Amino acid sequence: MNKQIWTMAAAGLMILSACGGNNAKTANTNDTQPKGKKEWTAYGEAFKPAKGEVANMKALGKKMASDGGAEGSFKAEIVQTCTKMGCWMSVKGPADDTIMVYMKDHAFFVPLEGMEGKQAVIQGKAYFDTVSVDMQKHLLEDAGAPQAEIDAVSEPKFEMAIEAAGVMIADVNEN
């Protein structure tokens with residue numbers, strides 16, 4: 001009986017934290033973060049990449065080209081975050097393109113603004129996926145794109161994406 005109560009309590013806490021937006025983040029200090037003197041703020045599952053285990057986008061691109069998928073920690077520059085919920089962000093990819101990063105199961109969110117140009121370390125799975133016209137339009141709406149750009153989407157596209165279990169962002173200043 002006690003196991004059932006604990007299971008129900010844990011499930012309730014998970015639901016509450018998922019609905020709480022950025023409350024799922026945890027602040028981390030320099031000694032548990034990627035090398036450098038930056039302050040890092042973590043969102044989602046806590047992770048501590050070991051030295052040499054964080055792949056840059058060029059290395060990820062090579063791994064994806066040869067294996068079709070990858071799992072681990074990836075470092076990238078943030079291009080944009082979702083302005084509605086913080087449930088996705090785009091980062092600079094291996095060919096200076098952009099890669100979508102989706103927060104796994106909408107279990108956590110990143111800040112809605114002010115993240116452009118900041119460094120992120122993403123813990124998760126990279127994969128290739130076909131993005132439907134409807135999903136592309138939805139993402140453009142979330143990004144605040146002009147209606148003409150949204151209306152111009154007419155075909156699905158095949159692209160690389162990352163499902164993030166956790167994200168660390170350098171020098172986040174939240175008030």
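Visitor: Why is D105 called exposed?

Guide: Its relative accessibility is 64%. Exposed means over 50% relative accessible area, buried means under 20%, and partly exposed lies in between (1.4 Å probe, protein chains only). The value of 64% is over 50%, so D105 counts as exposed. A word on the source: this is a predicted model, in which local features need pLDDT of at least 70, side-chain atom pairs count only at pLDDT 80 or more, and totals for chains, interfaces and linings use all residues. Residues are numbered from 1 along each chain as its sequence is written, and side-chain values use heavy atoms, with hydrogens and water left out.

Visitor: Why is H106 called partly exposed?

Guide: H106 has 41% relative accessibility.

Visitor: Why is S90 called buried?

Guide: S90 has a relative accessible area of 6%, which is under 20%, so it is buried. S90 and E77 are 13 residues apart along the chain. Their C-alpha atoms are separated by 8.7 Å.

Visitor: What makes strand β8 largely enclosed?

Guide: Eleven of its 14 residues, within 157-170, are buried, so the rest of the structure largely encloses β8.

Visitor: Which strands pair with β8, and how do you know?

Guide: Two strands pair if DSSP finds at least two bridges between them. Strand β2 (residues 40-44) has five bridges to β8 and runs antiparallel to it. W40 has A170 as its bridge partner there. Strand β6 (residues 98-103) has four bridges to β8, in the parallel sense. Y102 stands opposite E163. Strand β7 (residues 119-131) has twelve bridges to β8, antiparallel. G124 is partnered by A164.

Visitor: Which residues of helix α3 are buried, and what puts them on the same side?

Guide: In α3 (residues 133-142), Q136, L139, L140 and D142 are buried. They cover an arc of only 160° around the axis (taken from the directions from the helix axis to the C-beta atoms), so they lie on the same side of α3. An α-helix has 3.6 residues a turn, so residues three or four places apart point the same way. Among the elements covering the buried residues are β5 (88-92), α4 (147-151) and β8. G144 follows α3, with a positive phi near 75°.

Visitor: What makes a set of residues a nonpolar core?

Guide: Its members are buried Ala, Val, Leu, Ile, Met, Phe, Trp, Tyr and Cys residues joined through side-chain atoms within 4.5 Å. The largest such core here has 24 residues. L60, M89, I162 and V167 have the most contacts inside it. Strand β8 gives the largest share, five residues. V167 touches residues including T41, F47, M89, M103 and V121. A second, separate core has eight residues, including W88, M100, Y102 and F109.

Methods
Helices (H or I, at least four residues) and strands (E, at least two) are DSSP runs, numbered from the N terminus. Contact means heavy atoms within 4.5 Å.
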